[in-house]
Structures are given as structure tokens and as C-alpha cells.
2 protein chains.
Amino acid sequence: MTTPMLTKNQTLVFDVLTKAEGPLSAYTILDKLRDNGFRAPLQVYRALDKLLEYGVVHRLESINSFVACAHPHENCHSHGLVAFAICESCGQVTEFHDHEVDHRLMGWLKSQKFKAEKSTIEIRGHCASCAA
Amino acid sequence: MTTPMLTKNQTLVFDVLTKAEGPLSAYTILDKLRDNGFRAPLQVYRALDKLLEYGVVHRLESINSFVACAHPHENCHSHGLVAFAICESCGQVTEFHDHEVDHRLMGWLKSQKFKAEKSTIEIRGHCASCAA
DNA sequence: ATCAATTGCGTTATGCTATAACGTGTGCGA
DNA sequence: TCGCACACGTTATAGCATAACGCAATTGAT
């Protein structure tokens with residue numbers, strides 16, 4: 001799927017996420033966009049829904065937050081499963097992919113005739129800097 | 001870690017989850033325990049915290065729900081990573097484990113000197129019965 | 001025995017996350 | 001020009017989770 005032109009709201013939300021150091025909650029995004037005319041959570045959630053659909057933003061289920069995809073150009077949907085390492089000290093998130101993990105999970109799912117649609121792989125812990 | 005004796009509230013919550021067909025939200029559990037004297041969400045959350053700590057209950061981050069561990073006797077913490085296939089039609093959840101997936105993920109994390117503490121692997125889609 | 005620390009419990013209040021339901025305007029093809 | 005799809009704005013509400021207080025029971029060291 002190719003990413004269509006973003007609307008004004010989508011662009012605003014995407015820019016906030018891109019400039020952010022780490023993941024942001026929907027309400028944090030809302031606060032950052034008050035000066036741009038955002039007044040209600042739905043304005044953020046609707047933009048996020050589209051950005052998630054386009055694959056340029058990821059949702060981190062375990063911390064109810066959103067992060068820009070680490071691959072600015074290629075569409076992330078083509079990478080197979082996406083995994084995240086989330087540091088609980090500094091909040092930094094590292095996105096990574098492992099084809100072998102994909103392969104094993106997909107194999108298991110196929111053996112069960114389970115039709116996968118969305119996946120979540122999130123590891124929480126402490127990054128190298130914070131583990132000291 | 002060996003599971004200590006459960007308290008009254010922990011037992012009630014655990015029994016509800018064990019008897020349930022699928023995952024339950026904390027508030028659903030609360031409703032089911034009103035007749036047993038439960039009045040407030042915290043009573044449920046506190047019991048769940050302990051049950052999660054003991055490894056006899058899992059939290060499904062992507063649907064804000066909780067499910068009893070599929071291994072009634074052995075402690076689930078000894079199984080390495082736990083993965084779930086969640087059917088979005090019927091709500092059924094299948095817990096599974098794959099040593100190779102563990103190995104690959106742990107390998108990557110180790111290469112980054114990332115100290116993993118909690119993990120979430122959840123695949124949402126449609127089970128064999130519902131995919132028809 | 002008693003004091004302190006820990007743990008579980010109950011209650012009230014609050015905060016955070018997400019969506020329902022309504023209406024408006026705009027662009028575009030039949 | 002009618003109907004449709006889509007983005008948007010607003011208000012209200014639903015759903016998920018925890019803070020902060022106090023009380024009771026247990027344990028274990030002095």
C-alpha cells in the first residue's frame with residue numbers, strides 16, 4: 001500500500017511524533033497541538049487511525065502510546081512483524097525486525113489455521129544506558 | 001518462584017478467570033464478583049497484580065483483558081516468552097510458546113545489551129472456526 | 001510482651017484512554 | 001444536481017487504571 005497525501009491534521013500529528021524523542025500518548029499529542037487548533041481527543045485519534053493504517057506510525061499497546069515508524073521512506077507493512085524494545089527508565093523505544101521470528105510465529109499460526117491480521121511484540125526492560 | 005497461598009480476593013478473581021471461556025476485563029471481573037462483596041475496581045486490580053506476579057494469570061495488553069494461564073500446575077514464568085493468538089470474532093485466546101522465537105528475540109536483546117523484564121507477544125486475527 | 005514493619009483490605013476520589021453520536025462542509029463522479 | 005465518501009469539529013460518555021487515605025491482621029525482632 002502506498003501512503004496517500006496526508007491531511008492537515010494527519011500531518012500535524014505525524015510531525016509531532018516524528019520530532020518526539022520517544023513514544024507519546026494521544027493526550028500528550030493533543031496538548032502539543034492545542035496551539036494548532038486541536039481541542040478534542042478525537043481529532044488526534046482520527047489522525048492516528050489513518051497513520052496507523054498507512055503504516056507510518058506504530059501503536060505501543062503495553063504503554064498506550066504511539067511512535068513514528070523507524071523507516072521514514074519504505075512502508076513498514078512490508079517488513080513483516082515489527083518488534084519493540086521499550087526502556088522503562090528512559091522511555092526510549094527501539095524498533096526491530098527479525099525474519100526468523102516472523103517465520104516461526106507465522107508457521108505456528110498457519111498450523112492452527114489462524115488468520116493473523118495485527119501483531120504486537122513488545123519487550124519492556126532497561127536499555128544499555130539505563131541498566132547500569 | 002513458587003506460588004504462595006492465595007488470599008480470599010485473589011482466589012475469587014482467579015476462579016472467575018479460570019471458569020471464564022476467554023479473557024475478561026477488570027471491570028467485567030468486578031461485576032461478576034459484586035455478589036461476593038466486591039465494590040471497587042481496586043479490589044480486582046490488586047488481586048490481579050499478585051496473580052500476574054505469581055504467573056498464574058496473563059495480561060493481554062492489546063485488549064486490556066486478563067486470562068488464566070493455560071498451564072494450571074507448572075509456573076508459567078519458567079516457560080520463557082508467552083505468546084497469544086486472539087480471535088477478534090469469537091474472543092477466544094490460545095496461549096503458546098516457541099523456544100526458537102524466545103531464542104531469537106533474546107539474542108537480539110542481548111546484542112543490544114537490553115535487559116528484558118516483561119514481554120508481550122499478541123497476534124490478533126481470526127481463528128480457524130471464525131475465518132470461514 | 002510489645003513495637004515496628006509488612007501485607008491485605010475497603011473506600012472515595014480522580015485521572016487517563018478511547019469512542020459514540022451528532023452535525024458541517026467539501027470534493028467528485030454518476 | 002444528486003448522492004456519496006471523507007475529513008473535520010463538538011459534546012458527551014464509556015471504559016480502564018491508580019492515588020491517597022485509613023484500618024486490621026500477621027510476623028518477627030528486641
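Here is a chat about a predicted model of two protein chains with DNA strands C and D.

Trainee: Hi! Before we start, what kind of model is this?
Mentor: Hello! This is a predicted model.

Trainee: Okay, chain A then. How many helices and strands does chain A have?
Mentor: Chain A has four helices and five strands. Along the sequence, their pattern is α-α-α-β-β-β-β-α-β.

Trainee: And what box do the C-alpha atoms of chain A fill?
Mentor: Taken along the principal axes, that box is roughly 50 × 40 × 25 Å.

Trainee: Let's look at the helices. At what angle do helix 1 and helix 3 of chain A pack?
Mentor: They pack at about 85°, and their axes are 9 Å apart. Helix 1 and helix 3 of chain A are therefore roughly perpendicular to each other.

Trainee: Which residues make that contact?
Mentor: Helix 1 of chain A brings N9(A), Q10(A), V13(A) and F14(A), while helix 3 of chain A brings Q43(A), V44(A), A47(A), L48(A), K50(A) and L51(A). Sorted by class, that contact of helix 1 with helix 3 in chain A has six nonpolar, three polar and one charged residues.

Trainee: Where do helix 1 and helix 3 of chain B stand on this, and at what angle do they cross?
Mentor: In chain B, the axes of helix 1 (residues 8-19) and helix 3 (residues 41-54) come within 9 Å and cross at roughly 85°. Among the residues making that contact are V13(B) and F14(B) of helix 1 of chain B, with A47(B) and L48(B) from helix 3 of chain B.

Trainee: Switching topic: what rotation superposes chain B on chain A?
Mentor: A rotation of 180° does it, with 0.0 Å of shift along its axis and an RMSD of 0.0 Å. That is the relation of a two-fold axis.

Trainee: Which C-alpha of chain B is nearest the axis?
Mentor: In chain B, the C-alpha of I121(B) is nearest, 2.3 Å from the axis.

Trainee: I121(B), got it. What is the bridge partner of I121(A) in strand 5 of chain B?
Mentor: The partner there is I121(B). Strand 5 (residues 115-126) of chain A and strand 5 of chain B run antiparallel, joined by 11 bridges.

Trainee: Now the whole contact between the chains. How many residues does it take from chain B and from chain A?
Mentor: It takes 30 residues from chain B and 30 residues from chain A. On the chain B side, strand 4 (93-96), helix 4 (99-111) and strand 5 (115-126) each supply at least two residues.

Trainee: Which element of chain B gives the most to that side?
Mentor: Strand 5 of chain B does, with 12 residues. By class, the side of chain B that touches chain A divides into 13 nonpolar, seven polar and 10 charged residues.

Trainee: Why can we say the copies meet through the same surface?
Mentor: Because 100% of the interface residues of chain B are also interface residues in chain A.

Trainee: On to the DNA. Which residues come nearest to DNA strand C?
Mentor: Of the 20 residues around DNA strand C, the nearest are S25(A), T7(B), N9(B), R39(B) and A40(B). The elements giving two or more residues to that surface are helix 2 (26-32) and helix 3 (41-54) of chain A, together with helix 1 and helix 3 of chain B.

Trainee: Which element gives the most near DNA strand C?
Mentor: Helix 3 of chain B, with six residues. The surface near DNA strand C has nine nonpolar, seven polar and four charged residues.

Trainee: And which residues come nearest to DNA strand D?
Mentor: T7(A), N9(A), R39(A), A40(A) and S25(B) come nearest, out of the 19 residues around DNA strand D. Helix 3 of chain A provides the largest share of the surface near DNA strand D, five residues. That surface divides into nine nonpolar, seven polar and three charged residues.

Trainee: Last one: in what sense do strand 1 and strand 2 of chain B pair?
Mentor: Strand 1 (residues 57-60) and strand 2 (residues 65-68) of chain B pair in the antiparallel sense over four bridges.

Notes. Residues are numbered from 1 along each chain as its sequence is written. Chains are lettered from A and ligands numbered from 1 in the order in which they are written. This is a predicted model: local features need pLDDT of at least 70, side-chain atom pairs count only at pLDDT 80 or more; totals for chains, interfaces and linings use all residues. Axes are lines fitted to C-alpha atoms, for helices over the stretch in contact, and angles run from 0 to 180 degrees between N-to-C directions. Two residues are in contact if their C-beta atoms, placed from the backbone, lie within 7 Å. A residue is near a molecule or strand if its C-beta atom, placed from the backbone, lies within 6 Å of it. Ala, Val, Leu, Ile, Met, Phe, Trp, Tyr, Cys and Pro count as nonpolar, Asp, Glu, Lys and Arg as charged, and the others, Gly among them, as polar. Copies are superposed by least squares on the C-alpha atoms of residues with pLDDT of at least 70 in both. Two strands pair if DSSP finds at least two bridges between them. Angles under 35 degrees count as roughly parallel, over 145 as roughly antiparallel, 65 to 115 as roughly perpendicular and the rest as oblique.
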